[in-house]
Amino acid sequence: MTIVSGLPHSSRPLASRSGSSRMNHRSVAVDRLASPRPRLFEAVVWLLPAVAYFVFPDNLALGVSIMTYAVAVLALDLVLGYAGIVSLGHAAFFGIGAYAAGLLAANGWREPLTGLLLAGAASLMIGFFASFLVVRGKDLTRLMVTLGIGLVVYELANRLSSITGGMDGLSGFEVSPIFGVFAFDLYGKTAWWYVYGVSLVVFIFLRFVVSSPFGLSLRAIREGVNRMPALGASVNSRLRIAFTISAGVAGIAGGLLAQTTQFVGIDSLSVPRAAEFLVMLVLGGTGRLYGALAGTAIFMIAHDYLADIDPVYWEFWMGLLLMAVVLFARGGIVGALFNLVPSLKARFGRAAQ
Amino acid sequence: MTSNIIGILFDGLAYGSLLFLVGVGLSITMGLMNFINLAHGAFAMAGGYVSVYLGQKLGMSFLLTLPFAFLGSALLGLVAERLLFQRLYKATHLDQVLFTVGFVFSSIAAAHYFFGASQQMSAMPDFLQGQTRVAGVDLGKYRLLLIAVVAALTVALHLTLSKTRFGAQVRAAVDNQDAAAGLGINVGLIFSLCFALGTGLAGLGGALGIEVLGLDPGFPLKYMVYFLLVVVVGGAGTIRGPLIAAMILGIFDVAGKYYVPEAGAFIIYVLMIVLLLAFPSGLGGKRA
Amino acid sequence: MRTDTSILSPDANIALSTEGLTKVWGSFVANSDINFQLPVGARHAIIGPNGAGKTTFINMLTGVLPPSSGRVFLGGEDVTADAQERRVRKGIARTFQINNLFPGLTVLESVLLAILERKGMAQHWFRPLNAHAAEIEEALDLITDLGLEPQAGEEVKTLAYGKQRLVEIALALATRPRILLLDEPAAGIPAGESTEVFSVIARLPSDVSILFIEHDMELVRRFSQRITVLVGGKVLTEGAPDEIMSDPRVREVYLGEGGHD
């Protein structure tokens, strides 16, 4: 064992007090480190959509859009929940991915998986360039720059209507069967499994990212950006990487939208859409990935019911909900659940001993 | 050609005056409490609707509705600040952004519910319509009035902040909240009053701006960027910075729409990013 | 024009030095023409009344503040133009007078991050954190050294203030500095515990050069070999503890001002 700070072992204040409690403190601390290894409840969570698939066969389209948007909200969670960058422009990357996938298909590249990857790559690249602008400012400036990027991309899509279809949107393209076998059907069964698979892969990828040293450094930037340079870390390059990855993932979500609905509306890259992503994330809880999933599901289901009644009411309740979450439930829904579980665990743990 | 340029400058100044009128309150409140308020436009919208309502339902003349637009928005601002916003001064910027975005959504829906989705008109009195010839150039009468009103208000605001006891307290609080509180200044009250003043000015701007900016439920979202820009580019907590920023934005926006209409709002958004990156702490930013 | 005349023969025994280091804000001179040398392995204290410019000096040494004029040398190398993070990688670490930590991270996470940053592994995203056994071991050993083991798994924000001060030091040590700058490491800690903090510092390897700011004269006397007195942004005097303590000018500054506290 190396002598880390050069202190002689005998002088360690607590080293010899109790061997077993010492190991206990250590293992407790190590257990609290983020890990990509799945826990039991996660298997249950990921079985839920599959259950819904069989229980609500008439609502497959809703399931597809929930999972599609969940991918975009996961992307937002990486920059906002982990790195602490508030982005009001994330719909831009979602929309870029959507247009990229749509335009590829419209121009003859109908293979869905490569199309999806290319959509993500397009978004990733633009996100990379945008990230240089985003990390330059601080706080409010940064927020405004993300907003500006969102607005510029929207205006661009609006002006380039010969390519994007402008206000009418992009439609009339088709996507080939997945692996050349599973064709997209009218009921949305293929689309459902496709989006389910992609969102699971994206989730696992992000789970690895946030459980890595890189993920820890993002959280550290969120928690104490001023300390980072004193550890020898260059904050901006770290944030640029996070923003770029996030843009790429958002692009994949957009690609999913285009491929499964075979339509891309210009609202997919609007600022209100970006605000919706924020609402979904905050509703579920930031910085824990599952918050993004839960928030999206609850938001979309509520939207499905309430917006049918009256879209204006929906906007009103959404605003109210957002204010209420900020004032009363800062951890979001998953945060509240996670706060409940340890107390349950403590009770049952004691009973078992 | 020159008269064209003068006309654009003039329209740009009028437009910039409105942006300043709405944005200046935001600048003061942001500088004072470091509170990011994306809902400021909702109070401008409220002022606009007060003016339209009084004009249409009670037949008041447009100019007479303006004080009510100011008072109505100021009152709404005061209530909202006491009940809601003051809970967020110590919150993170993310919370402030989310909360005020939520406020914007709800207020848009509320405006939609009460006044419908359509564009509103203000009943402009005859003597403010048409143009007048000044030094060989045709200038819109209404826009002249706009510039004059905003110029007068700016001077009044400047005098209030630099000469009165209230102004001295505000400046002290902007400079250093804790020190101001230590001097026995009631910072909470100062902020409530500033918030009411700022939202009142925004409401006045909303009413005066019906002719120029339009008025529909989407107003707070549509112009959110512009008002924020005035503050962020100009630098929060000052008057001069936002004034310059508002004029630059106004002129560029009008010129852009005139010379390159196909670019739409594109120019202003690109200008915004460039300005933000060139002046990360604002044009008049005292906080480097 | 060459500007390195003064370092034609860099003294291998000098870990850190400054040349005419000055910081001016408007008309306020925070640091004025400070020429300073920190030998390798030194235990050097900076004392001075409040507002003497001690923290400003540390901030310029670490690259938090750019100097108005003057230069900073690490060994013989001019690092004046280097950003803070580059100087850290070259071996300068510091603690902050006011805790500057990661409130929502656990103690282990904080220290582990510092170690991963030092090793250039912190941008790796393909290997999970808990697979970095060697780094975790190192972090836990350092945490144990500082007596923080019982709190290793707790979030920093839940720790008592004194423990947080120790995390400050742990983060600085995790960068394995050659030069350690401590800005009032025991500030805010009850008198009994401050000795504990300094005894940790005293056990550091002898080739680590330490510069610390401290107000408690008893601690300064016990832990420093040499003292620089800063008053009004200028070096008043420098010398061994006994010389400094008996210097009438220093006594005047301290007794004259201290009498009002």
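Predicted model: local features only at pLDDT ≥ 70, side-chain atom pairs only at ≥ 80, totals over all residues.

**Chain C, overall**

Next I looked up the box around the C-alpha atoms of chain C, and along the principal axes it is roughly 55 × 50 × 35 Å. How much of chain C is buried? Buried residues are 49% of the 261. I also checked the contacts in chain C with a separation of 6 or more, and 66% of them join residues 24 or more positions apart.

**Chain C, the sheet**

For secondary structure I got nine helices and ten strands in chain C. I then picked out an open sheet of four strands in chain C, with antiparallel pairing and the order 2-1-4-5. Which strands sit at the edges? They are strand 2 (28-39) and strand 5 (77-78) of chain C, each pairing on one side only.

I followed strand 5 of chain C to its neighbour: two bridges join it to strand 4 (residues 69-74) of chain C, and the two run antiparallel. Going down to residues, I found Glu77(C) in strand 5 as the bridge partner of Leu74(C).

Then I asked what packs on this sheet, and I noted helix 1 (residues 54-62) of chain C. This helix touches strand 1 (14-25), strand 2 and strand 4 of chain C, and its direction makes about 60 degrees with that of strand 2.

**Chain A against chain C**

I moved on to the interface, where 45 residues of chain A are in contact with 49 residues of chain C. On the chain A side, I listed the helices that each supply at least two residues: helix 1 (19-31), helix 8 (189-210), helix 9 (213-224) and helix 10 (235-261). Which helix of chain A gives the most? Helix 9 does, with nine residues. I sorted that side of chain A by class as well and got 23 nonpolar, 14 polar and eight charged residues.

**Chain B, annotated spans**

Residues 142-161 of chain B are 100% helix and 0% strand, with the end C-alpha atoms 28 Å apart. For residues 182-204 of chain B I got 83% helix, 0% strand and 34 Å between the end C-alpha atoms.

Terms used. Residues numbered from 1 in each chain as written. Chains lettered and ligands numbered in written order. Contact = placed C-beta atoms within 7 Å. Nonpolar A, V, L, I, M, F, W, Y, C, P; charged D, E, K, R; others polar. Pairing = 2+ DSSP bridges. Axes fitted to C-alpha atoms, helices over the stretch in contact; angles between N-to-C directions. Buried ≥ 20, exposed ≤ 12 C-beta atoms within 10 Å, placed from the backbone.
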